Amino acid sequence: MPKRFSPDEYAAGVLSGNRVLLSRAITLVESTLPSDQDLAHRVMELVLPQAGKSVRVGITGVPGVGKSTFIEAFGNYLLEEPGRKLAVLAIDPTSQRTGGSILGDKTRMETLSANPRAYIRPSPAGKTLGGVARSTRESILLCEAAGFDVIFVETVGVGQSETAVHEMVDFFLLLMLAGAGDELQGIKKGIMEMADAIAITKADGANLPPATSAQAEYQSALHLFPVGPSKWNPQVTVCSAYEKTGLAPIWDLVQQYVQQTQANGFFQQRRQEQNLHWLKHSIRQQLEERFYQHPAIRAQWQAVADQVTQGQKSPFAAASELFGLL
């Protein structure tokens with residue numbers, strides 16, 4: 001059995017940039033065991049004053065857009081600047097049948113994972129709605145405390161997970177493909193509205209003209225949306241991870257966004273709103289966990305569930321009955 005460290009030992013390891021203890025701390029916050037959760041909360045309290053100093057970038061995209069390939073190329077580009085440290089938190093799909101997860105992002109980002117200033121952490125999405133790992137928020141804070149000044153959060157794909165990731169990052173980057181049919185029909189309006197920038201990927205060779213055309217289409221579509229409270233006008237760009245082109249303009253957009261929103265106060269306001277959002281989220285999550293762990297609920301759950309599945313009782317009446325046991 002691995003050694004169990006004290007909260008002070010975990011915190012000291014994270015703050016010193018110890019990769020092993022950082023990974024152990026993230027595993028701790030991912031654990032659902034009550035004893036691990038208690039320890040994780042104490043560790044988080046110790047490292048929290050040193051967190052919050054990174055730029056958090058959410059990265060999502062349609063299936064086949066090449067998120068991992070883009071992140072590796074973009075990450076390697078960012079690490080050309082001496083002293084910069086990058087953490088990539090990649091949410092892997094979890095099978096709803098077996099609970100298993102591929103966790104293959106490290107194998108898809110071979111050169112980036114070999115860089116000593118990069119840290120790649122694949123996490124199983126678990127049962128969290130939309131496929132966002134339950135502990136991703138805490139993992140961001142741990143990586144920041146460990147000295148990583150840029151954090152990427154890669155989502156499973158376009159869907160409900162994007163809303164959750166949007167609530168934990170500063171800049172939301174949407175990756176799209178050109179030449180895949182009617183581009184504007186292939187993505188929900190809500191995700192377009194969340195995007196701070198759209199990058200058309202695989203813009204090389206014969207794909208370059210369609211990518212440029214798609215860039216103009218998306219830029220026109222974005223102009224139809226009202227300017228949000230950040231006062232930022234989202235931009236559309238093109239890039240090629242294969243040819244390593246178009247990466248600098250994307251980082252320029254991130255820096256411009258951070259500079260503008262810090263100047264107008266939105267950056268800090270947004271982070272405060274996100275903190276409140278995750279407080280409410282944590283309350284809902286803990287209420288649900290404690291509900292199902294309650295002895296009376298566990299004793300009656302199967303009988304009530306069977307009545308519902310057999311049509312003998314409505315789900316609403318069953319829920320009221322179970323709540324009455326508390």
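**View 1. Helix H4 meets helix H11 in this predicted model.** Phe70, Ala73, Phe74, Tyr77 and Leu78 of H4 are in contact with Leu247, Ala248, Ile250 and Trp251 of H11 (contact means heavy atoms within 4.5 Å; helices are DSSP runs of H or I with at least four residues, strands are E runs of at least two, and both are numbered from the N terminus). The axes of H4 (residues 67-78) and H11 come within 10 Å and cross at roughly 75°; axes are lines fitted to C-alpha atoms, for helices over the stretch in contact, with angles from 0 to 180 degrees between N-to-C directions. The two helices are therefore roughly perpendicular, a label for angles of 65 to 115 degrees.

**View 2. Here's the largest nonpolar core, with 87 residues.** Such a core is a set of buried Ala, Val, Leu, Ile, Met, Phe, Trp, Tyr and Cys residues joined through side-chain atoms within 4.5 Å, and buried means under 20% relative accessible area (1.4 Å probe, protein chains only). Phe70 and Ile198 are among the residues with the most contacts inside it.

**View 3. Asp196 sits in the loop between helix H9 (189-194) and strand E6 (197-200).** Asp196 is buried but has no salt bridge (a Lys or Arg side-chain nitrogen within 4 Å of an Asp or Glu carboxyl oxygen). Arg270, the nearest side chain of opposite charge, is 7.5 Å away.

*Reading the views.* Residues are numbered from 1 along each chain as its sequence is written. Local features need pLDDT of at least 70, side-chain atom pairs count only at pLDDT 80 or more, totals for chains, interfaces and linings use all residues, and side-chain values use heavy atoms, leaving out hydrogens and water.

Definitions and conventions. Buried means under 20% relative accessible area, exposed over 50%, partly exposed in between (1.4 Å probe, protein chains only). Lys and Arg count as positive and Asp and Glu as negative; His and the chain ends are not counted. Angles under 35 degrees count as roughly parallel, over 145 as roughly antiparallel, 65 to 115 as roughly perpendicular and the rest as oblique.
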